Amino acid sequence: MDEKRKIEKVYGFPEILTEKKAHFCPGCSHGIMTKVISEAIGEMGLEDSSIGVYGAGCAAIMYDYINIKGVAAPPGGAVGIATGIKSAGKGSLVFAYQGEGDLFYGLSSLIGAGVRGEGITIICENNLNMGISGGAMSPATPVGVMTTTSPQGRHIASHGAPVSIAEILKDIKGIKYIARCSTHSPGAVRKTKSIIKKAFELQLYGEGTAFIEVLGMCPTNMHLTPVEAALKIREVYGELQTGEIKHP
Ligand code: SF4
């Protein structure tokens, strides 16, 4: 063997990801997002200046896995708390991470932060149901998707049409950056990381509020295997506008 041969490290465990055993179910996108956010912060060298605010429900314990300053918020409170932290701690990168059920609980504070153009990044993991209440239908649950409160699948006549989160925020002028991405495949995860890094960069340049919707798998409440859940998310993703929806 050529001793002079150089071995280049191309992949490794993100340094700020703790080695604690995660509580997420197998195939859950919160685990994927924990790693994606850790990598983004580490690659940007923001370990010491980042503060994460984690929403209620399954997302809450993310603070235990990412070794940065963090706060676990009560239901619907993540954006309001992130706003307060950002206002108090100049120079920090502040992000809120929530599931879509929790985000809808706190929609008024999200709209308020967007109207004021607060310099925070909001990452919403949309897994098509309210994991926080054991898998009930969320406002974003697509037509036909079964949940505990729509056991025959969402039906417009009975449940109303689903809300597209990214689109309802588009007209708010202080929200400068809106993107929709996904976690259903390795390529989609890479794209998600680049979008998150761009949103963080915009925050550092003072470019108002950024909102990223990330479609994700919840195999447990979808009653699907991890692979089936990823295929379902790919199907839903294919029906929506994806990538950057609004940028400065
Ligand atoms: S219930 Fe769903 S969202 Fe919660 S940890 Fe399990 S797979 Fe993830």
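The views below show a predicted model.

**View 1. His-223 in the loop between α8 and α9.** His-223 is exposed because it has 12 other C-beta atoms within 10 Å. Its phi is positive, about 55 degrees, although His-223 is not a glycine. Most residues other than glycine have a negative phi.

**View 2. Leu-128 in the loop between β4 and α5.** Leu-128 also has a positive phi, near 70 degrees, and is a residue other than glycine. The loop around Leu-128 lies between β4 and α5 (156-159). Is Leu-128 buried or exposed? Leu-128 counts as buried, because 27 C-beta neighbours lie inside 10 Å.

**View 3. Helix α4 and its buried residues.** Helix α4 covers residues 107-116, and its buried residues are Ser-109, Leu-110, Ala-113 and Gly-114. Seen down the axis of α4, these residues fall within an arc of 135 degrees, so they line one face of the helix. An α-helix has 3.6 residues a turn, so residues three or four places apart point the same way. The buried residues of α4 pack against the helices α2 (78-88), α3 (100-105) and α6 (165-169). They also pack against the strands β4 (121-126), β5 (175-182) and β6 (209-215). After α4 comes Gly-117, with a positive phi near 65 degrees.

**View 4. The open sheet of seven strands.** The strand order is β2-β1-β3-β4-β6-β5-β7, and the pairing is mixed. The edge strands, β2 (69-72) and β7 (243-246), each pair on one side only. On average, neighbouring strands of this sheet are turned by 20 degrees against each other, direction ignored. Within the sheet, β5 and β6 run parallel and are joined by seven bridges. Ser-182 stands opposite Leu-215 in β6.

**View 5. The shell around the ligand.** Which residues are around the ligand? They are Phe-24, Cys-25, Cys-28, His-30, Cys-58, Asn-127, Gly-131, Cys-218, Pro-219, Thr-220 and Asn-221. Helix α8 gives the most to this shell, with three residues. By class, six residues of the shell are nonpolar and five are polar, and there are no charged residues.

Notes:
Residues numbered from 1 in each chain as written. Predicted model: local features only at pLDDT ≥ 70, side-chain atom pairs only at ≥ 80, totals over all residues. Buried ≥ 20, exposed ≤ 12 C-beta atoms within 10 Å, placed from the backbone. Helix = DSSP H or I, 4+ residues; strand = E, 2+ residues; numbered from the N terminus. Arc of directions from axis to C-beta. Contact = placed C-beta atoms within 7 Å. Pairing = 2+ DSSP bridges. Axes fitted to C-alpha atoms, helices over the stretch in contact; angles between N-to-C directions. Near = placed C-beta within 6 Å. Nonpolar A, V, L, I, M, F, W, Y, C, P; charged D, E, K, R; others polar.
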